[in-house]
Amino acid sequence: MKRLILLGGGHAHVHVLEAMAARPLAGFEVVLVSPFTRQIYSGMLPGWIAGHYPIEACALDLGQLAAKAGVRFVQASGESLDAAARALACNDGARLDYDLLSIDTGSRTRIEAIDGAAEHALPVRPIESFIGGVEALLARCREARDHPVAIIGGGVAAVELAFAIHHRLAGEGAAPALSVIGDAGLPLDGLSRNLQWKCLQMLNERGIQWHAGSRVAALDGSHAELSDGTRIPAGHALLVTGAGAPAWLAGSGLALDRDGFVRVAQNLQSVSHPTVFAAGDVAAYAHPRPKSGVFAVRAGPPLADNLRRAANGEALSEWQPQKRALYLVATGGRHALGAWGPFGWWGGWVWHWKDRIDRAFMRRFGNAHVG
Ligand SMILES: Cc1cc2nc3c(=O)[nH]c(=O)nc-3n(C[C@H](O)[C@H](O)[C@H](O)COP(=O)(O)OP(=O)(O)OC[C@H]3O[C@@H](n4cnc5c(N)ncnc54)[C@H](O)[C@@H]3O)c2cc1C
C-alpha cells in the first residue's frame, strides 16, 4: 500500500483530515505526524489569556480528527527530510518512507536573532511551551506588582497578547508595566491606518507603552537593549517577532525561498519535488502572502483536493490565495479591532463577530468545549 504523510496538524491539515473523513483515500495509508495530540488555535489564544475561554476551548483534538478520518496518528516531530529518497526521520528515531508528503508545520520564532533571547525570552512558538510560560509569567506578575513585561514585535499577535495580559492582570488588580517594542512607526504595521491609530490610542489608554521604530539587540533578564543603546525595563520578555522557517528544511533538498520556506507552485506542490506539498506558514506561495492563519485555513480545501488528485494520478488544480484577508484583533476585553484592506472599524460587536467565527471554526472540527 502506498503512503501519504501529513506532517504537522496545522490549519490546512485539519481540513485535509475533514475531507478524508468524508471520503477516504483509496489505496493509501495516511499518517499524521504531530508532536502534540492537540492543535492550539492561535486565534483564540489571546482570549484564553484574557480569561474568556478555557484552554480546552482553544484546542483541536488531532487524535480524534485522525481516528475519524481513518488516519494513523504518530506522535513525533519530523526532524529531517530526504526529499530525493522520500524519507522522513522523526525525533523518536523512526524513519517513515512516503509516496506523498504534505507539510503544514507552521513557522518558528527566530530566537537566535536577539542576544540573550534563548535565556531571557519566552518565544510565542512552539505554542504548547508558550502556554506554560504564560502561566508562569502571570503568576510572577501577581507576586511582584512592579515586574516589567516587554513584548517584542508589533504585529497582530504581539498587540493581542499585550492587550490580553493587561486585561487579565488589571482585572485582578495586578496590572504590570507593559511595553510593546516594534520596528514600525505604528502598531499593526500593514493594516489600515485608522486602525493603527486607534490601536495606539487604546495602548496609551491602558498605559501600555509603544516603542516605535525599535529593534531589540539584546536581553539580559532585566532590560531589553535596543540597537541604538536605549534600555527598556524587561523582567520578562515575550518574543512575538515575524515567522521564521523551520531549520530542518535546510538539508531536505527541497527548493526553498531565500527565507527558508518551501517554494510551492499554484497547486501547492513543491517546485522541486512533485511528491511533496506544503501549505500554511511553512509554504512560500507562488503569489506571496503574509504568514497568517487566514491563508493557512484557506489553503486547506485546495490542498485536500490536490492530494487526492496526486494520489489518483490526476491533473492538479491551481489555487490563488485571496488578495486581502480579514483581520480581527482582540483588545483584551470583549472588544476588537477589524481590518479589511484600507478599511478599519472597532467595537464590542467586532469582538462578538470574531467570537462567533472562532467558535464556529472550533465546532466544525469537533471541539465540544467551545459552547
Ligand atoms: C497569539 C497569536 C495570534 C494570532 N492571531 C492571528 C489572527 O488573528 N489572524 C491570523 O490570520 N493569524 C494569526 N496568527 C498567526 C497564525 O497563528 C499563523 O499564521 C497560523 O497558525 C499558521 O498556521 P499553520 O497551519 O501554517 O501552522 P500552525 O498553526 O503553527 O500549525 C503547525 C502545526 O505543526 C506542528 N509542528 C511543528 N513542527 C513540526 C514538526 N517538525 N513535525 C511535525 N509537526 C510539527 C505544530 O505542533 C502545529 O500543530 C496569530 C498567531 C499568534 C501566535
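This is a predicted model: local features need pLDDT of at least 70, side-chain atom pairs count only at pLDDT 80 or more; totals for chains, interfaces and linings use all residues.

Colleague: Which residues line the largest cavity?

Modeller: The lining consists of G43, M44, G47, Y53, A330, W351, K354, D355 and D358; a lining residue has an atom within 4 Å of a point. Helix α9 (residues 348-364) gives the most to this lining, with four residues. Helices (H or I, at least four residues) and strands (E, at least two) are DSSP runs, numbered from the N terminus.

Colleague: How do the classes divide in that lining?

Modeller: There are four nonpolar, two polar and three charged residues. Ala, Val, Leu, Ile, Met, Phe, Trp, Tyr, Cys and Pro count as nonpolar, Asp, Glu, Lys and Arg as charged, and the others, Gly among them, as polar.

Colleague: And what makes the other kind of space a pocket?

Modeller: A pocket is an open set of points with protein on both sides within 12 Å along at least five of seven lines. The second largest pocket holds about 180 Å³ of space. Its lining has 13 residues, and D257, A283, A284, Y285 and P288 lie nearest its centre. The lining divides into eight nonpolar, no polar and five charged residues.

Colleague: On to the sheet: what is the order of its five strands?

Modeller: The open sheet runs β5-β2-β1-β9-β21, with parallel pairing. Its edge strands are β5 (72-75) and β21 (276-278), each pairing on one side only. Neighbouring strands are turned by 20° against each other on average, direction ignored.

Colleague: How do you know that β2 and β5 are paired?

Modeller: Two strands pair if DSSP finds at least two bridges between them. Strand β2 (residues 28-34) and β5 have four bridges, in the parallel sense, so the pair meets the definition. L32 stands opposite F73 in β5.

Colleague: Which strands do the helices packed on the sheet touch?

Modeller: Helix α1 (residues 11-22) touches β1 (2-7), β2 and β9 (100-103), and its direction makes about 140° with that of β1. Helix α8 (residues 293-311) touches β1, β2, β9 and β21, at about 170° to the direction of β9. Axes are lines fitted to C-alpha atoms, for helices over the stretch in contact, and angles run from 0 to 180 degrees between N-to-C directions.

Colleague: Why is H11 called buried?

Modeller: Buried means under 20% relative accessible area, exposed over 50%, and partly exposed in between (1.4 Å probe, protein chains only). H11 has 14%, so it is buried. H11 sits in helix α1 and, leaving aside neighbours within four places in sequence, is in contact (heavy atoms within 4.5 Å) with Q39, Y41, S42, D104, A296, V297 and F361.

Colleague: And why does L238 get that label?

Modeller: L238 has a relative accessible area of 0%, so it is buried. L238 is in strand β18 (residues 236-239), and not counting residues up to four places away in sequence, it touches L122, F130, L137, A150, I151, I152 and I165.

Colleague: What makes R86 stand out in its backbone?

Modeller: R86 has a positive phi of about 55° although it is not a glycine. Most residues other than glycine have a negative phi, and most peptide bonds are trans. R86 lies in the loop between β6 (78-82) and β7 (87-90), and its relative accessible area of 33% is why it is called partly exposed.

Colleague: What is the phi of L188, and is that residue buried or exposed?

Modeller: L188, also not a glycine, has a positive phi of about 60°. L188 has a relative accessible area of 1%, so it is buried. Its place is the loop between β13 (178-181) and α7 (193-205).

Colleague: Which kind of peptide bond joins R125 and P126?

Modeller: That bond is cis, with omega of about 0°. P126 lies in the loop between β11 (121-123) and α5 (127-143).

Notes:
Residues are numbered from 1 along each chain as its sequence is written. Side-chain values use heavy atoms; hydrogens and water are left out. On a 1 Å grid over the protein atoms alone, a cavity is a set of points where a 1.4 Å probe fits but cannot get out, and a pocket is an open set with protein on both sides within 12 Å along at least five of seven lines; lining residues have an atom within 4 Å of a point. Grid points are joined across faces, edges and corners, and a volume is the space filled by probe spheres set on the points.
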